[in-house]
Amino acid sequence: MSVQLWTWILVGLSFALYFGIAIWARAGSTKEFYVAGGGVSPLANGMATAADWMSAASFISMAGLISFMGYDGSVFLMGWTGGYVLLALLLAPYLRKFGKFTVPDFIGDRYYSNTARTVAVICALIVSFTYVAGQMRGVGIVFSQFLQVDINLGVLIGMTVVLIFAFLGGMKGITYTQVAQYCVLIFAFMVPAVFISIQMTGNVIPQIGMGSKVEGGMYLLDKLDALHTELGFNEYTSGTKSTWDVFAITLALMVGTAGLPHVIVRFFTVPKVKDARKSAGYALLLIAVLYTTAPAIAVFSRTNLIETVSNTNYTEVPEWFKNWENTGLIAWNDKNDDGKIQYMAGSAIEGKKPNYSGDRGEYGQRLISNPNDKANELYVDRDIMVLANPEIANLPNWVIALVAAGGIAAALSTAAGLLLVISTSVSHDLIKKQLKPEISEKGELRAARISIFVAVVIAGYFGINPPGFVAAVVALAFGLAAASFFPAIILGIFDKRMNKEGAIAGMIVGMLLMLFYMMKFKLDMFGGGTSEDWWFGTSPEGFGTVAMVVNVVISVTVSRLTSAPPQHVQEIVENIRIPSGAGEAQSH
Amino acid sequence: MSDKQKHASAYWKENVRYLSILLAIWFIVSYGCGILFKDALNTFKLGGFKLGFWFAQQGSIYVFVILIFVYVRLMNKLDKKYGFDE
């Protein structure tokens, strides 16, 4: 059977499964809609959290990024897993004990202030929208790549599917569909990895295969380092970023992870405090499966790529090379007229993307109009590493189709979780808690469903017309969460003396500082600047760490200069520190 | 301070002690072994891995998972000891 047919079958089957679950798990009350009734088992919640967390970016882009970054790619691996330790130890149990629906709920009550609640709602909305736009785009790309439909049609299909299961089931429907999506995506990620590991190293487990010997008795990583040095790249295992910058980016990603509202809200759905801790453990275990496999895939595909294309005659390259060239993700320009592909360090083109002139060269290659004068002749888009991997390794068609179904599952599950946070922020934190407190449960549920619909439409619009700053903005989401939420929540639990003046001042200064730095160095506003002008050599991606420290210092200083929080708030803090008597999640 | 409050604050102190120890390990494996002392550790090898590189791309993640489950066990015991389990 052809790849095309296999893809339709596997994607169709997985969709049927998601719909079935959505209909089975319809939500009847706001509690079911917001936190799945607070009755999800820790393992199921762990799986849902993992699916929620692992987005199209984790599934499709991360291994490719690492494959081009080598050691520097570790910032994603440690940054996007280490945050769960902070969540499990410092946040999840206490927020579960607190027992409300949302993060702004906690901030609003702990800091006895609607201003604090509003600041938190705004942060939650900014973070979630920037994220969800990227996911919708991801759905569109996967659809267009594998099912040969237009990208925009792909986005529309994705919107409809997410809408159906989020609209019907709320958190309950989303949680159980995400359990299914986790199974699909992890299976789809592991199968090609295992196949390739066996092919290259004879080892079934990719995590071990990565450190094993290849044919000829050399260790795979040593071989890759040697290939890199030979072609003028830095050693794969060494990297190029400064130690401080790696440190700062890793910390910003970790803390940002622990501060993301769509991750935190997960821990409101389990019955007890001890389940919240355990659930974070399961979530990280299930995430770690993908995150320890990704660096192995990165090494395999990097080695495969270099060995296949370097100094190979264009007329002899395998079929996949020309397929991806046709989709615009690979470009070759024969600068020295020898008909062979020279792949070396440095960019092969002017600008970021190849401009195809529309003509074919003497070997049938697509000509480009923007080559530069460096020796490197090859442009490879990072995203193809995971998508093309099964083809590069000559795996059967059903494996290629499986990767498509997995990519779609990853994008859909994350989009659904984010949309729910957005709708909750609007219907619960804004309408119920601020604008119209007398609203009935039915009315609130209706408001939640309407806002999910509006959110899907807006997200879909951004998916079809992606703003140019999307890539910059995703990094901003982590920095913002690190600079705003995280200190306010941690101090709210661990510092009884922290008051509203301190927390609000900290959140606002942290957020503005982060926004300023990102706009200056990512979007060229306020005079712009190059990496030479970075403060203390910190990249914008790592600046969340600096902004977070500033937030903490300001919060603590301001709180000590103003009056202590009222008695009932101090009692709330004492109460959340004790795990017993969590009861059910409450709206009041 | 009432007896109940003393009881609760003793529980909290033990919890914070566990947190400090576990977070110290969390910091050492990732920021220590994987980043700050990576170059020194890279002179050692674990199979085909340079050790610092292994910590950064594999080892720290395994330790993170273990840390959470150790914390779950410690806290379940502590809850029982103080009668806060349910």
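Predicted model: local features only at pLDDT ≥ 70, side-chain atom pairs only at ≥ 80, totals over all residues.
User: At what angle do H8(A) and helix H17 (residues 441-464) of chain A pack?
Analyst: Residues are numbered from 1 along each chain as its sequence is written, while chains are lettered from A and ligands numbered from 1 in the order in which they are written. Axes are lines fitted to C-alpha atoms, for helices over the stretch in contact, and angles run from 0 to 180 degrees between N-to-C directions. With their axes 10 Å apart, H8(A) and H17(A) pack at an angle of about 165°.

User: How is H8(A) oriented relative to H17(A)?
Analyst: Angles under 35 degrees count as roughly parallel, over 145 as roughly antiparallel, 65 to 115 as roughly perpendicular and the rest as oblique. The angle therefore makes H8(A), relative to H17(A), roughly antiparallel.

User: Is the crossing of H8(A) and H17(A) left-handed or right-handed?
Analyst: A crossing is left-handed if the near helix is turned anticlockwise from the far one by less than a right angle, and right-handed if clockwise. For H8(A) and H17(A), the crossing is right-handed.

User: How many charged residues are in the contact of H8(A) with H17(A)?
Analyst: Residues are in contact if their C-beta atoms, placed from the backbone, lie within 7 Å. Those meeting here include Val155(A) and Phe167(A) in H8(A), and Arg449(A) and Phe453(A) in H17(A). Ala, Val, Leu, Ile, Met, Phe, Trp, Tyr, Cys and Pro count as nonpolar, Asp, Glu, Lys and Arg as charged, and the others, Gly among them, as polar. Besides twelve nonpolar and four polar residues, the number of charged residues is one.

User: How does helix H1 of chain A lie against helix H8 of chain A?
Analyst: Helices (H or I, at least four residues) are DSSP runs, numbered from the N terminus. H1 (residues 3-24) and H8 (residues 151-201) of chain A pack at about 125°, their axes 8 Å apart. That angle is why H1(A) is, relative to H8(A), oblique.

User: How many nonpolar residues does the contact of H1(A) with H8(A) have?
Analyst: Among the residues that meet are Phe15(A) and Tyr18(A) in H1(A), and Phe165(A) and Gly169(A) in H8(A). Four are polar and none charged, leaving the nonpolar class with 14.

User: What is the angle between H5(A) and H11(A)?
Analyst: The crossing of these helices, H5(A) and H11(A), is right-handed. Residues making the contact include Trp80(A) of H5(A) and Met254(A) of H11(A). The axes are 7 Å apart, and the packing angle is about 45°.

User: Which helix gives the largest share of the side of chain A that touches chain B?
Analyst: 40 residues of chain A are in contact with 35 residues of chain B. Helices H5 (74-98), H10 (220-230), H11 (243-259) and H13 (273-309) of chain A each supply at least two residues of that side. The largest share, eleven residues, comes from H13(A).

User: Which element of chain A has the highest mean pLDDT?
Analyst: Chain A averages a pLDDT of 82, with 95% of the residues scoring at least 70. The lowest mean among its elements, 70, belongs to helix H2 (residues 30-35). The highest, 92, belongs to helix H21(A).

Notes:
Contact = placed C-beta atoms within 7 Å. pLDDT = per-residue confidence, 0-100.
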